[in-house]
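Here are my notes after going through the model you sent. Have it open while you read.

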Amino acid sequence: MSAPAREPWREPPIGLLAELTHRCPLACPYCSNPLELTRRERELPTASWERVLEEAAELGVLQLHLSGGEPTLRSDLEAIVARARALELYSNLITAGVGVSERRLEALAEAGLDHVQLSVQDVDAEGCDRIGGFEGSLARKLAFAKAVRRLGLPLTLNAVVHRHNLDRLERFVELALELGADRLEVAHVQYYGWALANRAALMPTRSQLDRSVAVVKAARERLGDRLLIDFVVPDYYATHPKPCASGWGRAVIVVAPDGRVLPCHAAHVIPGLVFPNVEEKPLRWIWQESPAFQRFRGFDWMQEPCRSCARREIDFGGCRCQAMQLLGDPEATDPACTLSPEHARIMALAEAEAAAPPPAFRYRRLEPVPA
Amino acid sequence: MSFAPEDRLVVARGVRLRFDPVRNCNVLLAPERVLFPCPTSVEILGRLAEPRAFRELVEGLAAEFDAPSEEIARDVEDLLADLLAQRIVRVERRPL
Ligand code: SF4
Ligand code: SF4
């Protein structure tokens, strides 16, 4: 089908997720990067990233998320942060924190970095190594976190939780307090890319999920404003789906390491979409007019039950990538929604996986291993 | 939530207030959050760039808006409690 021509989209984006590189010392089995990773030779040069930031600021972007892979593997990260600061963009470094010296961190702080988000795979050293596929990772992460606090930078601890580490959730909270973190993000795995390939190895049981909800609730009550806790529930067990990326092409722009621009980091799973590259097109045109961004804006593309549902302006029918990945139809109602006719089938599958013994991880590697 | 006169308040780490020419309004930038503050919040946050006692904040606002301190205190208390809960503002309680 061909999408009808539409008016350019006038609302400005809020955030830009800059995937500076797919290189990473870790190999988390739930990594949100695509199965087919971009090699270093194809990464955008510094000057292009700087230009992208200028175009983004002009378009109305307010926050810049420096991500990857591991963004600190880019030796030009200081220059990128400095440019963001000059443009008054709020910069957030999303890092695994294993290979970053205090000196480097200091240089980033001096360049104007606003916030650091550190991932901790597990509070248990052995578990942390096993999940991230990197030996000695926890000690390095803790040293990194202390350096962040010594420099006076605000710190968020990011805990991606799943069947292997959920039983230690209380200790994640304690760790966040010990490290003097400002914020703890407890995020259940979202099943895209590598995580989908590892779903059976990661999917928690319903009772694990219920316990995590109770732990977060109790910690919030006990700690009040001492620690801000954000909590992302696994979408399979939810009643309604999440408004993915706050709706397709509504809040976020993702720029991949090679310069391709996507409405969400998983959007490459949707066939037939051409993602324009910042080396070829202005960001403004990409955001306002490109067919890939226009594709799922508005409500005309929707099927039932979304089309006539009162919640369509709240969740936009859920995630297009999930509908594609699980049902092979990017226009279908996200099967995470209990109103989807496919919900029960998908749920039963996930629950069966969670009940069975976990298979071995398929680690995220640059060289994709054949399935 | 109520504040003691000598409670020292300050904008939390990692929070930035700026004007956004594209949206033509003030924006509050914080970790993973963008807020669009009301004019009163902007006024308060501007005064809390450096730590300041609650009493001092209230007196400053009372002078600026030519209103009784008690009235101002009541008005800003709720707003401050909200900013505190959202970790936009931090309070440093003074040891006695
Ligand atoms: S999820 Fe793990 S492997 Fe993927 S980029 Fe982050 S640290 Fe690296
Ligand atoms: S039917 Fe569609 S719009 Fe309604 S709640 Fe489910 S996903 Fe959202």
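Predicted model: local features only at pLDDT ≥ 70, side-chain atom pairs only at ≥ 80, totals over all residues.

**Notes on the model**

1. Ring pairs tie A:Trp248, A:Phe296 and A:Trp301 together into a cluster. Rings of Phe, Tyr and Trp (its six-membered ring) pair if their centres lie within 6.5 Å, with planes under 30 degrees apart called stacked, over 60 edge-to-face and the rest tilted. Searching the whole structure gives 6 aromatic pairs over all chains. In one of them, A:Phe296 and A:Trp301 have ring centres 5.2 Å apart and planes at 85°, so this pair is edge-to-face. A:Phe296 is buried at 3% relative accessible area, and A:Trp301 is buried at 10%. (Buried is under 20%, exposed over 50%, partly exposed in between; 1.4 Å probe, protein chains only.)

2. Residues are numbered from 1 along each chain as its sequence is written, chains are lettered from A and ligands numbered from 1 in the order written, and side-chain values use heavy atoms, without hydrogens and water.

3. On to chain B: α3(B) bends by about 30° at B:Glu77, the bend being the angle between axes fitted to the seven residues ending there and the seven starting there. Helices here are DSSP runs (H or I, at least four residues), and strands are too (E, at least two), numbered from the N terminus. Buried residues of α3(B) include B:Ile72, B:Val76 and B:Glu77. After the helix comes B:Arg87, with a positive phi near 60°.
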